[in-house]
Structures are given as C-alpha cells and as structure tokens.
Amino acid sequence: MTNDKALKGCGRSAIAGGVSVVMNGGVAHLTGVATCGKIHLCPVCSAKIRAARSEEIDTVTGAWQAAGHGLAMMTLTLRHYRRMPLGTTRRRERGGLVAVQHDAWITAFGSRAGKMWQRLQEDHGIVGYVRVWECTVGADHGWHPHFHVLLFTSAPWTRDRADAFEGAARARWVRSVEKAGGYRPNDKGVKVDVPRPQDARQFSRYLFKSQDGKARFERWAPGAELARTDMKHGRRASRTPFEVAEGAAAGLADDVPLWHEYERAAHGIRAMYWSNGLRALLAELVELDDRTDEEIAAEEIGGEGVALIPAETWYGAVLRYRGRSLELLRAAESGGVTAVQALISGWGLEWGRDVLPAPVPDAD
C-alpha cells in the first residue's frame, strides 16, 4: 500500500548473494535484506531507531541531572480540525498543518527567532534542547502534529520559573502560529512540565505512561516519552500513524488515503533535532551514539543461522508469493531447521539446492 520506494524494498530486497533466516533468543529474523531507515514510515526500522535514540536520551538526561542541572519538557500544539490537511514541507508545495507547525517553530524558537528568544533562554538558564516531532489523527479533530521539546537548563526550575517561561513561550508561539497562517492556539498550545522537587528520580510524570489507553501502567522514562512513538497508542479515540497503517493493511478503505497523506507529510521532517552545541556539551559527560538512523536500522543483531536462501530462490520462490517470508520465520521459531526444511519441501523446493544450510561460523 506504500508509495515510498525505499519502504517497498525494506526487508525484501536482497543486498548480497542470499538471505539468511536467523534465530536470536527464540525470535526469528532475516539478514541480508535491505533496510530503509525510515523512522516515520517503517514500523521495523522505526522501532530499532527509536529504541537507540530513547536509550541515548535516558543516558544524557541522567548524566545531566547527576551533574546538578535541570530538565523541563515543553509541548507545542496547534488548533486543528478534521477538514484541515496534514500538508507537506516540500518546496513549492508547502502547506497544511505541518508547514504551519514548522514555520511557526522557525520564527518562535528556531533560526529566525531573533535576539528576544536568545535573551529568554539566557534569562531562564536554557543551555539547549532536543525537539521531537510526533503526529496522531483523530476521528473528530483530524491530524494532530505536535512537538515535544526537552529543555536542558543550567539549574533545576521551580514551578514559578516554569510558569514564567511558559507564559513567555506561549506568547511567542501564538504570534508565530498566526503569522504562519494557523489558527490562534488556545491556552493549552504551550505546556511546560518540570520534575517535582521531592521526587528523587525527577520527571516523575514521565516515568509512568498508559501505552494503550487502558488501566495498565508501565515504567516510562524521559527518553521513551520523547522517542518511542512506535510504542505509543493514540488516546481519546486518536491513533498513531502506525495504527492507521495497520488499519489500511487490514483492508479499511478510509485508512489507505490517510496513510498516503501521512507518508507525504512526513517526508523531510526530522524526527529528532538537537540544538546547536548541545551534543558537544553532553559529550563531556557521557559517550554519545553518533550512528545515523540508517546505520542503526541496518545493524545486524546476529544469532544462530537456520537457512540460507540464494537470491534466485528468494525472488523467484519466496517474494513472489504473498506471506512466504513470514511463513519462514514462523517455521524457524516453531521447529528450527527441521520445520524450515518441511516448509520448503511443501513449496516444491529442494533442501541443499534451492535452499541451503546456514554457513557454519568460523571458529576464532
């Protein structure tokens, strides 16, 4: 159902002479296939990338707080209605909610924010920030793109300090959204959260999150709140894009154009943006993960080989038949090599010719 060429080939296109079925901890996966590295579009690559980014955020926030500094979370939202398109930030086609959102950011807190924003940061001891883009869609109010901005402060904030900053930030955001062509945000358009002073772990309200809208709570750290969109589920009848994709794949006709609209809108949008100089500052405290999204997605996790499928067999006898690659994984998980051999025999293939035993790893 995707219109994205890289996503079409993710987990399908062989990048070498063959594709391997590998077992790791009771879970089967494929190696030797292309990965798209599309954090917004691919549920497999997204999970790997966001897990790595989440771990990094938790590491740096822990080190930052341990050094006596502070953190705050600012959320920026827009007024949105069902009739409003999500839009795109592509050149010559720029429009819709995402264009308003990004144009408003640039003038309120970004490259064209000016000296007043610099002064506001200095007055409140803001050293830098990490901005994360997130988007959901609701049946009643349509698309809801928003920013989570993790603020790194030189000292922990009191609630009064956070309220003062929130008021100034709201004024900037309201002006910038209107200037960008959006509706005037309400009082909830800017929200700033800070750790409770009595909370030893800090950021207590982000340690527990309801992931599925039910009365089940699990440990939720700041890094997860920022990065793990793949684990979040829409609240109050809203859905994440991957839930829309799930509906489209299940045959819900209305979800197919929704997914295509999201694919187009997500093009070129940074999932996570670090302010200038912040990573260099944090590198003095901890070792940072300098891998690109593509490198994280392509990293092989290893395991015990079950079978090697030559490229000719992969394209001619596996990919051309819907569901066969999944059948291979399920067979490997249920019965290892024996189950895979039985499966490929049922397909009319010959073990040792069309599908080969996994190579024995070299002994060190």
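Tyr81 counts as partly exposed, at 26% relative accessibility; buried means under 20% relative accessible area, exposed over 50%, and partly exposed in between (1.4 Å probe, protein chains only). This is a predicted model, in which local features need pLDDT of at least 70, side-chain atom pairs count only at pLDDT 80 or more, and totals for chains, interfaces and linings use all residues. Residues are numbered from 1 along each chain as its sequence is written, and side-chain values use heavy atoms, leaving out hydrogens and water.

The structure holds 14 aromatic pairs. Rings of Phe, Tyr and Trp (its six-membered ring) pair if their centres lie within 6.5 Å; planes under 30 degrees apart count as stacked, over 60 as edge-to-face and the rest as tilted. Two of the pairs are listed here.

| Pair | Centre distance | Plane angle | Type |
|---|---|---|---|
| Tyr81 and Tyr183 | 5.5 Å | 85° | edge-to-face |
| Phe109 and Trp173 | 6.3 Å | 20° | stacked |

Tyr81 lies in the loop between strand E3 (70-76) and helix H3 (96-108), and Tyr183 in the loop between helix H5 (159-179) and strand E6 (190-193), so their pair ties together parts that are 102 residues apart in sequence. Helices (H or I, at least four residues) and strands (E, at least two) are DSSP runs, numbered from the N terminus. Tyr183 is partly exposed, with a relative accessible area of 37%.

By contrast, Phe109 is buried at 2% relative accessibility, and Trp173 is buried at 0%. Both residues belong to a cluster linked by ring pairs, which also includes Trp105 and Trp117.
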